[in-house]
Amino acid sequence: MMSNALSQDVVERIAVVQGDITQQQVDAIVNAANESLLGGGGVDGAIHRAAGPQLKQHNRTLGGCKTGLARSTPAFDLEKRGIRRIIHTVGPVWSDGDEDAPLGSCRDDVLLASCYHQCLELSEAEGLATVAFPAISTGVYGFPKHRAAKIAISHVLGWLAGHQLPQKVIFCCFSQEDADIYRQAIDTRQKWMSSRRQR
Ligand code: ADP
């Protein structure tokens with residue numbers, strides 16, 4: 001019974017929202033950056049524009065970030081909106097090709113899971129209660145969206161089950177279609193969890 005209650009508590013600590021990640025009211029936002037950490041297109045460009053030029057200046061001192069790892073920085077102009085930190089992570093460019101391979105069986109799956117893990121670890125270390133993630137790697141980097149959502153959700157739920165921080169994780173999807181993919185993946189997982197409880 002204890003583990004059932006815990007599972008439900010954990011599910012209540014995640015939420016899916018549709019919108020611009022720079023507009024979220026959270027302690028930290030995650031950036032799907034590239035290895036230079038100096039800005040790019042997509043969500044990276046939006047975050048750099050909203051944080052202002054100081055972010056790029058600061059990131060020049062960091063010496064980049066390898067794929068699967070993460071770096072935390074101040075939020076600069078985004079601090080006016082209550083965002084304390086930006087956690088930059090570099091997702092894998094989808095290169096395995098076989099979208100139907102078992103989940104977790106390819107290197108890109110492991111690297112994507114590592115991005116989530118590193119961001120959650122930094123959030124905990126910095127005492128950040130609320131964190132918003134974009135759908136890392138699913139834009140220009142071409143990671144299949146359903147597969148990426150399953151990895152994100154299972155990794156975040158697994159982390160939350162064993163950790164107090166962050167208290168809440170928001171999956172911030174830019175499009176309605178992406179938000180639906182996340183909601184469907186959470187729904188499927190909850191059904192799977194309750195079918196296991198009934199055994
Ligand atoms: P990657 O290079 O990791 O694929 P992208 O920025 O190209 O990163 O895309 C990652 C995801 O971020 C995509 O789902 C894209 O639609 C989404 N995205 C783009 N701009 C924003 C934004 N302002 N807020 C939230 N998500 C965004």
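Salt bridges number 6 in this structure, which is a predicted model. Side chains of opposite charge can pair when their charged atoms come close. Three of these pairs are set out here.

| Salt bridge | N to O distance |
|---|---|
| Arg-85 and Glu-126 | 3.0 Å |
| Asp-109 and Arg-147 | 2.8 Å |
| Asp-178 and Lys-145 | 2.7 Å |

Let's start with Arg-85 and Glu-126, whose side chains meet in a salt bridge. Arg-85 belongs to strand E4 (residues 85–90), while Glu-126 sits in the loop between helix H4 (107–125) and strand E5 (130–133), so this pair ties together parts that are 41 residues apart in sequence. Arg-85 is partly exposed, with a relative accessible area of 24%. Glu-126 is partly exposed too, at 28%.

Next comes the salt bridge between Asp-109 and Arg-147. Here Asp-109 is in helix H4 and Arg-147 in helix H5 (residues 145–162), so the link joins parts that are 38 residues apart in sequence. Are these two residues buried or exposed? Both Asp-109 and Arg-147 are buried.

Asp-178 has a relative accessible area of 10%, which is under the 20% cut-off, so Asp-178 counts as buried. Lys-145, at 30% relative accessibility, is partly exposed.

Note on methods: Residues numbered from 1 in each chain as written. Predicted model: local features only at pLDDT ≥ 70, side-chain atom pairs only at ≥ 80, totals over all residues. Heavy atoms only, no water. Salt bridge = Lys/Arg side-chain N within 4 Å of Asp/Glu carboxyl O. Helix = DSSP H or I, 4+ residues; strand = E, 2+ residues; numbered from the N terminus. Buried < 20%, exposed > 50% of the residue type's maximum accessible area, 1.4 Å probe, protein only.
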